[in-house]
Amino acid sequence: MPAPQEGFEQPAGARCDFAVRVQPVVDEVRKLVLAEYPDGSTRRELYTGKLIDEVTNLDSGAVTRVDASGTSLVEYAPDGSMTWYVTGPVLLGFRENAGSLPRGIWIVDGVYVVEFDPTYVHKTITMVHGSTHDVCTDVD
C-alpha cells in the first residue's frame, strides 16, 4: 500500500545552522506489513520505492534534491523502540547529542542498521558498508 512521506520544517539550530524545509518531490514509497502482534499492531513491515526529497535553506533559499529511495525492513518492539535494516539511501535528521551522527540532516547510504529509542529522539547507526553525508552543507 502507498506510504506517503510527509514534509517538515525545522528552525535554525535544530538540524542545520539555518531554518530548513524537507519536502518530497517524488514519492512512490510503498509498505507491506509482514507480521503483526496478537493485538493487531504492526510488528514488522517493509518499505521500498522511489523517494526524492527537496531540502531548502529557508534563510537563503538554496535548494538541493536528494535520493532517499532505500529499502527498509522495520521492526517495532513492544517497548516502543524500532529498528530499521536498510539497503540504500535514506534521509535522517539528528538533533545535537542525540545519536551516532552529529546534528544535521544526513543521507545515509549502503547497508546498515538504525536503532531508535522509544521516543525516536536518539538514533544509533551501525554501518555494515556505506557512507554518510550531511545535506546541510549542500544548502549552507
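D17 and R103 form a salt bridge in this predicted model, with their closest N and O atoms 2.6 Å apart. Because D17 lies in the loop between β1 and β2 while R103 sits in the loop between β9 (90–94) and β10 (104–116), the pair ties together parts that are 86 residues apart in sequence. D17 counts as exposed, since its relative accessibility of 58% is over 50%, whereas R103, with a relative accessible area of 22%, is partly exposed.

Side chains of opposite charge can pair when their charged atoms come close, and the structure holds six salt bridges. One of them joins the side chains of R21 and E9, with an N to O distance of 3.0 Å. This pair links distant parts of the chain, for R21 belongs to strand β2 (residues 20–27) and E9 to strand β1 (residues 8–10), and the two are twelve residues apart. R21 counts as partly exposed at 31% relative accessibility, and E9 likewise counts as partly exposed, at 49%.

A further salt bridge brings together the side chains of E54 and R65, at 3.3 Å from N to O. Here too the pair links distant parts of the chain, with E54 in strand β5 (residues 51–57) and R65 in strand β6 (residues 63–67), eleven residues apart.

Key. Residues are numbered from 1 along each chain as its sequence is written. This is a predicted model: local features need pLDDT of at least 70, side-chain atom pairs count only at pLDDT 80 or more; totals for chains, interfaces and linings use all residues. Side-chain values use heavy atoms; hydrogens and water are left out. A salt bridge is a side-chain nitrogen of Lys or Arg within 4 Å of a carboxyl oxygen of Asp or Glu. Helices (H or I, at least four residues) and strands (E, at least two) are DSSP runs, numbered from the N terminus. Buried means under 20% relative accessible area, exposed over 50%, partly exposed in between (1.4 Å probe, protein chains only).
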